[in-house]
Amino acid sequence: MVTPVHGGPDAHGVPAHDLSTNANACGPCPAALRALRAADARHYPDPACTRLVDRLAAWHGVAPQRIVVAASASEFIQRASVAVALQAGAAGRGAAFWQPPHAYGDYARAARAAGLAAVRDPAQADLLWACDPSSPLGQPDAGLAARVAALRPHQALVLDQAYEPFRLAGTLALDGAALDRAWRLLTPNKALGLTGVRAAYAIAPRAADAALLARLRALAPSWPLGAHGVALLDAWAGAEAQDWLADCRATLRGWKARQAALLAGAGWRIEPSVANFFVADGAIPMRTNDQSDMKSWLAALRRRGVKLRDCASFGLPGRVRMAVVAPEVQDALMASLKASA
């Protein structure tokens with residue numbers, strides 16, 4: 001069994017200074033917060049999310065039939081993996097998946113649970129995962145356009161756009177035609193600073209495999225979203241939330257520059273990133289290369305109220321991922337790092 005590894009609250013509760021998730025440090029979004037407070041949880045939501053689907057489709061300029069709502073990104077990852085496995089099984093063959101070298105652990109975890117074999121060559125995969133900006137590095141995917149262009153009819157590529165709202169520099173290297181060939185997975189709760197509300201949706205390719213799309217819908221729970229998930233996504237597709245996000249990006253650029261300068265001054269090496277997070281190393285007190293040293297150091301920080309994300313589960317041992325946070329949290333981070341040195 002692959003144990004899931006995530007940032008955020010743990011057995012000790014909510015960290016006082018949490019840099020282990022990539023939630024928007026400017027949040028929560030006022031428009032989304034109002035929508036959540038006004039949500040009517042006395043009744044079941046429309047199981048088809050009809051009005052919400054129409055709103056999301058209109059906002060993205062796609063047909064409503066291309067919108068697939070999901071309980072969360074992780075739920076869709078699980079569902080997509082099972083759907084692809086069943087699709088291949090119906091054709092009398094096994095299925096395989098491909099992911100980038102450093103990727104969100106739920107891709108592989110879901111694939112293994114669904115019986116998908118891992119392959120190193122994207123051309124051999126039935127299901128391909130991509131994330132741009134990537135996690136944990138926050139970098140553009142240099143090979144994404146080529147992989148999309150090379151897709152064959154039986155292949156499905158899911159582009160995880162969880163961090164697209166946090167792109168602080170550059171643009172996604174896919175034009176409209178290329179985007180129409182990929183599945184796009186969107187999870188606004190990070191961008192809106194409300195990660196406790198689980199809600200997501202995917203946009204199917206323009207010429208999506210009809211059988212795969214039907215399987216994805218059939219595998220969904222009767223009510224993929226609760227009232228608060230519907231409210232969150234409804235607010236997400238509004239001008240007020242998007243204008244607020246644009247202001248957040250400007251703020252986060254300034255905070256990121258300050259945070260990087262503080263860490264560099266303390267001897268940290270920071271990997272390039274276009275997002276509101278980055279991977280860093282070089283100032284971690286490691287007596288050996290044993291991962292237990294890293295765990296002990298992170299545990300000591302956690303006792304001081306600071307939580308960072310260990311990158312070992314991403315295939316980057318000895319490094320941590322840090323979210324960009326407000327200046328007062330940066331100062332608390334630096335004080336804790338000095339005390340743990």
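Throughout this description, a residue is called buried when its relative accessible area is under 20%, exposed when it is over 50%, and partly exposed in between, as judged with a 1.4 Å probe and protein chains only. The structure is a predicted model, in which local features need pLDDT of at least 70 and side-chain atom pairs count only at pLDDT 80 or more, whereas totals for chains, interfaces and linings use all residues. Residues are numbered from 1 along each chain as its sequence is written, and side-chain values use heavy atoms, with hydrogens and water left out. Helices (H or I, at least four residues) and strands (E, at least two) are DSSP runs, numbered from the N terminus.

Two open sheets are described here, with strands taken as paired if DSSP finds at least two bridges between them. One of these sheets is formed by 7 strands in the order β2-β8-β7-β6-β5-β3-β4, with mixed pairing. Strands β12 and β13 are antiparallel and are joined by 2 bridges, with R309 placed opposite R321 in β13.

Helix α10 is followed by G305, a residue whose phi is positive, near 95°.

A salt bridge is defined as a side-chain nitrogen of Lys or Arg within 4 Å of a carboxyl oxygen of Asp or Glu, and a search of the whole structure finds 15 of them. One of these joins E240 to R34, with the closest N and O atoms 2.7 Å apart. This pair links distant parts of the chain, since E240 belongs to helix α9 (residues 239–265) and R34 to helix α1 (residues 30–38), 206 residues apart. E240 counts as partly exposed, at 43% relative accessibility, and R34 likewise counts as partly exposed, at 45%. A salt bridge is also formed by R51 and D234, whose closest N and O atoms are 3.0 Å apart. This pair, too, links distant parts of the chain, with R51 in helix α2 (residues 50–60) and D234 in helix α8 (residues 227–236), 183 residues apart. R51 is exposed, with a relative accessible area of 56%, whereas D234 is buried, with a value of 18%. In the salt bridge between R167 and E164, the closest N and O atoms are 2.7 Å apart; R167 is buried, with a relative accessible area of 6%, while E164 is partly exposed at 26% relative accessibility. Salt bridges that share partners also join D10, R302 and K307 into one network.

Several backbone features lie in loops. The peptide bond from D132 to P133 is cis, with omega near -5°, and the bond from S135 to P136 is also cis, with omega near 20°. P133 is located in the loop between β5 (127–131) and α5 (144–149), and P136 likewise lies in the loop between β5 and α5. C49, although not a glycine, has a positive phi of about 50°. This cysteine lies in the loop between α1 and α2 and is buried, with a relative accessible area of 5%.
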